[in-house]
Amino acid sequence: MSEPITIRHSTNGDRAGVEELAELDGRPAPVGDTLLAEVNGKLWAAVGVEDGAAVADPFLPTGDVVWLLQMRAEQERAARAPGSIAGRFTIGRQRAAATA
């Protein structure tokens, strides 16, 4: 694939698209914080950050895209883990932004 992939966090407006992917994929939709992969503005896959549950369009070559989302979700879980250096850095940035 040579098209750029956009990876982003879902919003409330993405819920219908994620539910549609889940229906196409025959799996339950991820719940909670979810990462999305889009190609040319089309939703290809979604992965739950907390549980790693994945849904993807079965009619597209999504294997590598799902893998990218799962790796990013794993990074986010590690950063959120108690005592992680990345997690402490993120919390510090959030506090600094809140006071700015």
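When I say that two residues touch, I mean that they have heavy atoms within 4.5 Å of each other. Please keep that in mind, and also that this is a predicted model.

Let's start with Asp14, which sits in the loop between strand S1 and helix H1, residues 15–25. Setting aside residues up to four places away in sequence, Asp14 touches Arg8, His9 and Leu36. Is Asp14 buried or exposed? Asp14 counts as buried, because its relative accessibility is 14% and the cut-off for buried is under 20%.

The largest nonpolar core has 13 residues, and the ones with the most contacts inside it are Leu35, Ala45, Val47, Val65, Val66 and Leu69. Which elements supply at least two residues each? They are strand S2 (34–39), strand S3 (42–48), S4 and H2. H2 gives the most, with four residues.

Have a look at Ala45 on your screens. Apart from neighbours within four places in sequence, Ala45 is in contact with Leu21, Leu35, Leu36, Ala37, Val55, Ala56, Val65, Val66 and Leu69. Now, there is also a second, separate core, this one of eight residues, and among them are Leu21, Leu36, Ala46 and Val55.

Next, Ala54, in strand S4, residues 54–56. With 17% relative accessibility, Ala54 counts as buried. Which residues does Ala54 touch, not counting those up to four places away in sequence? The list is Asp25, Arg27, Ala46, Val47, Val66 and Gln70. Pro28 is 26 residues away from Ala54 along the chain, yet their C-alpha atoms are separated by 8.5 Å.

Ile5, Ile7, Trp67, Leu68 and Met71 make a nonpolar patch of about 410 Å². Two elements give two or more residues to this patch: strand S1, residues 5–9, and helix H2, residues 63–80. The largest share, three residues, comes from H2. On the strand side, Ile7 lies in S1 and is partly exposed, at a relative accessible area of 37%.

How values were computed. Residues numbered from 1 in each chain as written. Predicted model: local features only at pLDDT ≥ 70, side-chain atom pairs only at ≥ 80, totals over all residues. Heavy atoms only, no water. Patch = residues over 30% accessible without salt bridge, like charges linked within 9 Å, V, L, I, M, F, W, Y side chains within 5 Å. Areas by Shrake-Rupley, 256 points an atom, 1.4 Å probe, with all protein chains shown as cover. Salt bridge = Lys/Arg side-chain N within 4 Å of Asp/Glu carboxyl O. Buried < 20%, exposed > 50% of the residue type's maximum accessible area, 1.4 Å probe, protein only. Core = buried A, V, L, I, M, F, W, Y, C linked by side-chain atoms within 4.5 Å.
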